[in-house]
Amino acid sequence: MTARWGWFLFIPLMVSLVLTVGTQFIFIEKSFFRELGLGQTGAAVGFANYAAALQNPLYFNSIVTTLRVSALATIGCLLLGYPLAYVIARSGGRWATVMLSGVLLTSLVSAPIKVLGLIIIFSKEGALNRFLTGSGILDAPVNILGNEAGVVVGLIYYSLAFAVLLLYSIICTIPVVLEDAAAINGASRIRTFLRVVIPLTFPGICAVGLTIFSLSMGAFAAAALMGGGRVLTLPVLIYQTIFLDTKYATASTLSAILLVMVLLVNGAAGLLISALNTKFFRKSFNLSSASLDGILDLIANFRAAASRPLASVARFMGRALSVVWIGATYILIFAPLLVVVFASFNGGSFRAGAVVFPPRHLSFDWYLATPYSHVHAFGVSLVLAFIATTLACLIAIPAGLGLVRSRVPGREAIAALFRVPLQIPVVIIGLSFFYTCYAVDDAVGTSLAGSFIALVIAHFFVLAPFVIGSVTVILQRFDGRLEEAASSLGANRWRTFRRVTLPVIGPGLFAGAVYAFMVSFGDVPISLFLAGPEITPFPVAIFHSMEMDFDTRVLSSSTMAMAFGLVMLVLVQKLIGLDSFARSQAGARG
Amino acid sequence: MQGVPHLSLQNLSKHYGPVAALESFDLEVETGELLTLLGPSGCGKTTVLRLVAGFILPTDGRILIGGKDVTHVLPNQRGIGMVFQSYALFPHMSIARNIAFGLEERGFERSHIRRRVAELLDLTRLTAAADRYPAELSGGQQQRVALARAVAYAPQLLLMDEPLGALDLKLREVMQLEVRRIQRELGITTLYVTHDQTEAMRISDRIAIMNAGRIAQLGTASQIYDKPANRFVADFLGKINLFPGKVLSVEGGEMRVQSAFGDLCLPHRNGISVGGPVTLGIRPDEIRIKMASEISGPSASGVIVDRSFLGNVVELRVRVADDSLALIEARLTDGQYPLGERIEFGCSASQIKVFSE
C-alpha cells in the first residue's frame, strides 16, 4: 500500500529534475564562458565574468540598488499590510469576505496594469501633482517616475496584496481568545498588540518580510516601468544586458549573482523560522520584550488615564481610528486600479496626452477601437494559461498523493525540489528557459526558441508548485479514515478515489488551479524572454506598449482584463469560498 | 456595601440583528458566592459571561459590579479575572510569566509580582513547572495555570467559561473539587458557566438554569431538583418521567387529574384549570416497586423491556399500559428484575410534579 504511493512521485520527480536542473545548469554554465559581446561567447574562462561584474561600478551599484529598494519596499509592505491583515482576520463574517476579495483581486492583477495606474497618479502632470501644486502644498511638481522612489512605490504595489494575504493567514492562526485573555488581565489594546499579537506573529512577520524581500529583488515589470529603465535593479539590468547589449554571458553572470542572493535570503528565512520556534529563542525574545515594557508602560498608562472617564468615547475613537487607517490603506491599494478604470473612459486621441484623470467626459471610444493585437494577445494568454494550468494539475495530483501518502525516504527533499521554481526570480526563469531553448535547438535541431511550446513549458514550470502546494495542504488535512470508511462500505480502490478522495481534495485542486491560472495570465518576465513575434501574451503586449509608444487603448484593454479577473474571483467565491482560497494559497507558498 | 449584590445584571439584552441572544436578563450574584449558569448550548450563558467581561456591549440594560455601573467600561479596566474554555494561555510565555501577566499589566512592583506568583504556583501545586511553557503541560496543569492567572491580581469577580470542558471525566471531578477549594479559600465572587449538570450541582452555591436567553429557574441545586419550576427545568436537571394528564375537577386546594397512574388527587397549582392538559413528572428514584396491594398512592404496572446495571442501582425501562416507557431506578437488594417480568410500582402523590405545559 505505502510502497505504491511512492511510485506516484516518479514522473513528477523526473519532470521537475529535468526542468529545474537542466535549465539552471545551462544558464549558469553560460556565465563561465568569456564574454565577447554581440551575442558571442568564447572558450570557458572560469570566474572571470564574476570578477569583472563585481569590479564594474555599474553592475556593483546595481546589486546595492536592488538590495536597497527591496528592503524599503519590504518595510513599506509590512507597515501597510499588517494592520489591514489584522483587521480582516479579526472582523470575520461578510465584511472579512468583502475586504479579502478586494485584496485578492489586486493580487491577481498583472504588474504592468498596476504600474499603469501608478504612472497616471504620480506622473509630473498626473492627478497627485496637480492636486498638490493646485492646493499650494507644493511649489513645483515632484517627480518620482524614473527614480528610486518610484521603483520603491512600484515594488510596494507589486507585493502589498500578496503580503496582506500571507499576513492574514498567519494572524488567523492566533486565537482571538488570547487577546480577550490579555484584555481581561488588564492589558489595553495597544499593550495586547505589543505583548501578545506581535510576539506570536513575529516568526510569521519575519518569514513574510523575507519572502517579500526576495520577491522584490526579482521583480521585473514594476521596477522596469516605474524606473523608466533608468533605475537599474538587477532584473532590469539583466533584461537590458540581453536585449540591448546582447552580452549573454554577462547576463548569465548577473543572473547567477541575483539567484545566489535570493537563495541566501530564502535560506535565512527558513533558518530564522526554525530558530524562533525553539524554546531557547522564545525565552530570550521574552526577555527583550520585557525590557521594552518600560517604554511601553508610558504609552499605555497615558492612554489608560485618558480613557478612564470617557471609556465609551475611547472605544469609539479606537474604532474610528482603525476604520480610518484601514480605509486609507484600501484607497492606497485600489487607487491605481480605479484610476486605470476611470481613465479608460476618456476617449479621444490614442496619444498619451489624452489620458486625463479624473476623465472630462464619459466615452467608450477606446473600447470600441480595441486593437486586434490586444484581442489576439488576450486569446494567447487565455490558451497559454489554460494549457499550462491543466498540465500543472495533472502533475500535482500524483505529486501531492506521493508526498503525503508515501513513506519514501527523502520526501522532504523532493518537496523542496518541487518548490524550487518559487525560489527562483521569474526573470531568471525566463532567461534560463530562453538559453535552454537555444541550446536544445542547437543540439537537436528543433525550433523551440520563440515557440508557443516553450512558453507553455516555462509557464507550467512556474505554476506547478502552486498547485502541488495547495493539493498537498488539503491532502494533509484529509482524514484517512474517510477512505477506510468508504472501503468498509464496499467501495473498491478506484471508486473510493473517485467518490471520496477526489471530491474532498477537489476544492484544494481548484483553488490552486485558479491561482496558477491568474499567475500565468499576469506574467511578464517569462513571456518577455520567450515570446516570439507571432505570439505575444497580453501582459507583454501592455508592457511593450508602455515601454515604447504609449497607446491609450492599453487602459481600456487592461480594464477588460481586470473585469475578467473579477469574474474569476466571483466564480471562486461561489464554488469554494474566498477565505479557503486565500488561505490555501498562502499555505502553499509558506 | 452590606446588602448590595456583588454583581448585578439589570434588564440586559443582546441582539445580533433580528436574533436575540439574551432578552431582559436580570441576575444578582452575592459576595463570595459561586453562581452557575447552566443550560444547553445556545441558551445565552456564554453571552452573559462575555457581556460581564466587557468583550461585547449589551443592546440594552446595565451591568453593575460592587454597585458601580461598568456597562461601558473597557474589559481591561473592569478588574475581573476570567478562566477561558480553552484556557487561552499565552503560548510564548512561561507559566510564571502567564501568571504574572495581569499583575504586570496593572503596574504592580516587581517584588510584589514575584512573591504573588510564587504564592499562586504553590496554591495550584505548579512550582516545579514555573519555567515551562503551556504546550509542555498536561490538560489538568494548564487548567490550574489558567485559574492561577485569573486570580493572581485578586480580582473582585471571577468568570469561568466551561473551564473543565476539555478534561476527561476522572480529572474533571478532581478539578471540580479543586476549583471549589480555591474559590472558597479566596472567597472570590464567581460566575461559572457549564452545560454539565453534575458539575453545576457539585460546585455551585446557586444555579441559574437558562433556556433561550432567559433564566428558567434560579435556586440551590436541591431547590431546583426537588421543585422544578417548569417542564424544561425538570427535564434538564436530573432524570424524570414525564407523562400527560388531564384535569378533571378542581375543588378547594385540590384537583383530580386523569393519568396513566390512574386518577390522582394532587394539590392545585395556580394557572391550571379544569379540562386543561397538564404534564406530570416523577423522578426514577422516587418510584417504588411493590405489590399493588402494598401501595397506598398512585400505582401502575408494566413489563420490563430494558435493564441496565449501573452499580448502585439498576435502571429499568418499563412498558406501561398506554405503550409509553417509564424509567425506574431500583435496588438489586429488592430483586433481580429480569427482562420480560411484569412489575407493579407506585409512588406517593406528594412526589408527583405538575406542569401546566
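## Gly154 of chain A

In this predicted model, Gly154(A) lies in helix H8 (residues 148-172) of chain A; helices (H or I, at least four residues) and strands (E, at least two) are DSSP runs, numbered from the N terminus. Gly154(A) counts as buried because it has 30 C-beta neighbours inside 10 Å. A residue is buried if 20 or more other C-beta atoms lie within 10 Å of its own, exposed if 12 or fewer, and partly exposed in between, with C-beta atoms placed from the backbone.

Apart from neighbours within four places in sequence, Gly154(A) is in contact with Val115(A), Leu118(A), Ala222(A), Ala223(A), Leu225(A) and Met226(A). Two residues are in contact if their C-beta atoms, placed from the backbone, lie within 7 Å.

## Conventions

Residues are numbered from 1 along each chain as its sequence is written, while chains are lettered from A and ligands numbered from 1 in the order in which they are written. In this predicted model, local features need pLDDT of at least 70 and side-chain atom pairs count only at pLDDT 80 or more, whereas totals for chains, interfaces and linings use all residues.

## Helix H3 of chain B

Helix H3 (residues 110-123) of chain B has 14 residues and reaches 20 Å from its first C-alpha to its last, close to the 20 Å expected at 1.5 Å a residue. The expected span is 1.5 Å times one less than the number of residues.

Within H3(B), Ile113(B), Val117(B), Leu120(B) and Leu121(B) are buried. They are on the same side of H3(B) because they cover an arc of only 100° around the axis, the arc being that of the directions from the helix axis to the C-beta atoms. The cover over these buried residues includes helix H2 (95-105) and helix H4 (139-151) of chain B. On the other side of H3(B), Ser111(B), His112(B), Arg115(B) and Asp122(B) are exposed.

## Strand E14 of chain B

Strand E11 (residues 241-251) of chain B pairs with E14(B) in the antiparallel sense over six bridges; two strands pair if DSSP finds at least two bridges between them. Three bridges join E14(B) to strand E20 (residues 353-355) of chain B, also antiparallel. Thr279(B) is the bridge partner of Pro244(B), and Phe355(B) in E20(B) is the bridge partner of Thr279(B).
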